[in-house]
Amino acid sequence: MVKRDMFYFADIDEKFIDSTKDNEGLEDGVLVHCQQCIEKNLKAIIQKKYGVISREHNLVKLLEVLYLQGYPELKKYKSLCRDLKDFYFSRRYASDDYEVLTYEEYIDYINNFYELLNELKKIRSEFE
């Protein structure tokens, strides 16, 4: 039986993002998967590092656990996490909070997502 931990599922989200981020019309779904990928990586790191299984879904709170306890470089991603958290709902369900993004704004989010993901992968490497 293959062990499927949170890192496994985060990697599936990353593969989806990699293969669909350039497909016109899928931007909302890609941003939702960005949120999911970051959430799963944060939860897995917290579990591996502190032995705590978090039921939290707020990316800002999950990120705080890490930047307050040894990873201060992650604090600069707080606003990205806030936006990704909001995207999970506004881009997944019919909502008055839906904000149309320009292509440039979308690309900025994708680039910032990968920057944070790479930081989290550095931390992940401590456990693999």
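Q: What makes the span of α4 agree with its 13 residues?
A: The expected span of a helix is 1.5 Å times one less than its number of residues. For the 13 residues of α4 that gives 18 Å, and its end C-alpha atoms are 18 Å apart, so the two agree. This is a predicted model, in which local features need pLDDT of at least 70, side-chain atom pairs count only at pLDDT 80 or more, and totals for chains, interfaces and linings use all residues. Residues are numbered from 1 along each chain as its sequence is written, and side-chain values use heavy atoms, with hydrogens and water left out.

Q: Which residues of α4 are called buried?
A: Buried means under 20% relative accessible area (1.4 Å probe, protein chains only). In α4, L80, C81, L84, F87, Y88 and S90 are buried. The buried residues of α4 pack against α2 (27–50), α3 (59–67) and α5, where contact means heavy atoms within 4.5 Å.

Q: Why does the radius of gyration of the chain agree with a compact globule?
A: The globule rule is 2.2 Å times the number of residues to the power 0.38, taken over C-alpha atoms. With 128 residues the rule gives a value near 14 Å, and the chain has 14 Å, so it agrees.

Terms used
Helix = DSSP H or I, 4+ residues; strand = E, 2+ residues; numbered from the N terminus. Buried < 20%, exposed > 50% of the residue type's maximum accessible area, 1.4 Å probe, protein only.
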